[in-house]
Each structure stands twice: as C-alpha cells, then as structure tokens.
Amino acid sequence: VDGVLTATPVYKAPMVQIEDKRGETTTQTWSLAVSATEFKTAADETLTGAEIRIKDKGIVFNNTRTPDRVLPGTGINTTAAGFTIGSTAKVVLSSEAGKGNALTSLALDPQYKEGGFDSGSGVQAYTADTKVDNVQLFVPVTATKITDALYTSTISWTLSDTPDAIN
C-alpha cells in the first residue's frame, strides 16, 4: 500500500546472543547470569512457586571458534543440565580468557539448527505455532491462582566482564 509499512512477524528460537568486540582477543572474559522477579498481578498478588524452567542445557555457538556447536572444554561454558530462572542470579554462560570473542549464542531449544529447528524430517522455520518444550512455565498445583488475572515477571540478563563460575 502506498507509503504504509506493514509489519511481518519473524519467529526465532529462544536464544541469547553476546557479541564481544572489545579487541583484546587473548585475555578478556565474560559471564552471563539470569534472574527473574516473582510472578505478580497488577494488584501485587503473587503466584507463589511459579518459575521458568529450561529443561535441558542450551546449545552454544561461537562464530570464531567453529561454524557448528561449541563442545565442552573449548573455553565457552554453559550449564551441564537444564536450569531454573529464579530470584537468585544464576550464571548460565561464560567464557575463559580469549575464548568468547565475536558472536556467542546460547540457543535454549535443543532442536535448534541454523535457520530453524530439526523437526525429524529436516530443518523447519519457526512459526507462531512452533512449540519449544525446553522452555516451560512451572506453576505448582498448590499455588493460589486468581481466575483471569494477568501475572507478569521481569527476566534480567546480566553480562559481566569476569569469568564467574557456572552455578
């Protein structure tokens, strides 16, 4: 239409990316931690015990180290298993000295492949209907839930220039 831009949705894997362009390629390190606030309504009602869970560890890529997945022991570290995003910050990705240069990606979908996900019959693009089972909202059955209430939480990612240990 003349002069009117129409937004087209783009669907991507749940992923965090860090691009380190600091220049010193042999000694610099970094770590990435994540935390989240409690799920609450606008009226400050808490959804007690609700948490975001990443069932399996993520897949790590770094475009200066290898065009494929980064293997354990190569200087870019992630959790050994899945993790929970809670109120206490948890380091989920870090680099050893000189190993995290350029673009490092942590894909939270174990089925992730460049350009989409492995559907078992080839790589498919993510769509509005793509279900990523690895990222889950857990709400205990014992939690008091307010019908039709909107609960929100804020996820905070903290990037530090220190090589904090994966916890």
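I began with strand 9 (residues 102-107): five of its six residues are buried, so the strand is largely enclosed by the rest of the structure. Buried here means under 20% relative accessible area, with a 1.4 Å probe and protein chains only. I took strands as DSSP runs of E, at least two residues long, numbered from the N terminus.

Before going on, I noted the basis: this is a predicted model, local features need pLDDT of at least 70, side-chain atom pairs count only at pLDDT 80 or more, and totals for chains, interfaces and linings use all residues. Residues are numbered from 1 along each chain as its sequence is written, and side-chain values use heavy atoms, with hydrogens and water left out.

Next I looked up the partners of strand 9. I counted two strands as paired if DSSP finds at least two bridges between them. Strand 1 (residues 15-20) runs antiparallel to strand 9, with six bridges. Asp20 has Ala102 of strand 9 as its bridge partner. Strand 4 (residues 59-62) is also antiparallel to strand 9, through four bridges. There, Ile59 lies opposite Ala107 of strand 9.

Three strands make it up, in the order 7-3-13, and the pairing is antiparallel. Strand 7 (83-85) and strand 13 (135-138) are the edges, each pairing on one side only. Neighbouring strands of this sheet are turned by 30 degrees against each other on average, direction ignored. For that angle, axes are lines fitted to C-alpha atoms, and angles run from 0 to 180 degrees between N-to-C directions.

Last, I checked strand 3 (residues 51-54). Three bridges link strand 3 to strand 7, antiparallel. Ile52 faces Ile85 of strand 7 as its opposite residue.

Notes
Buried means under 20% relative accessible area, exposed over 50%, partly exposed in between (1.4 Å probe, protein chains only).
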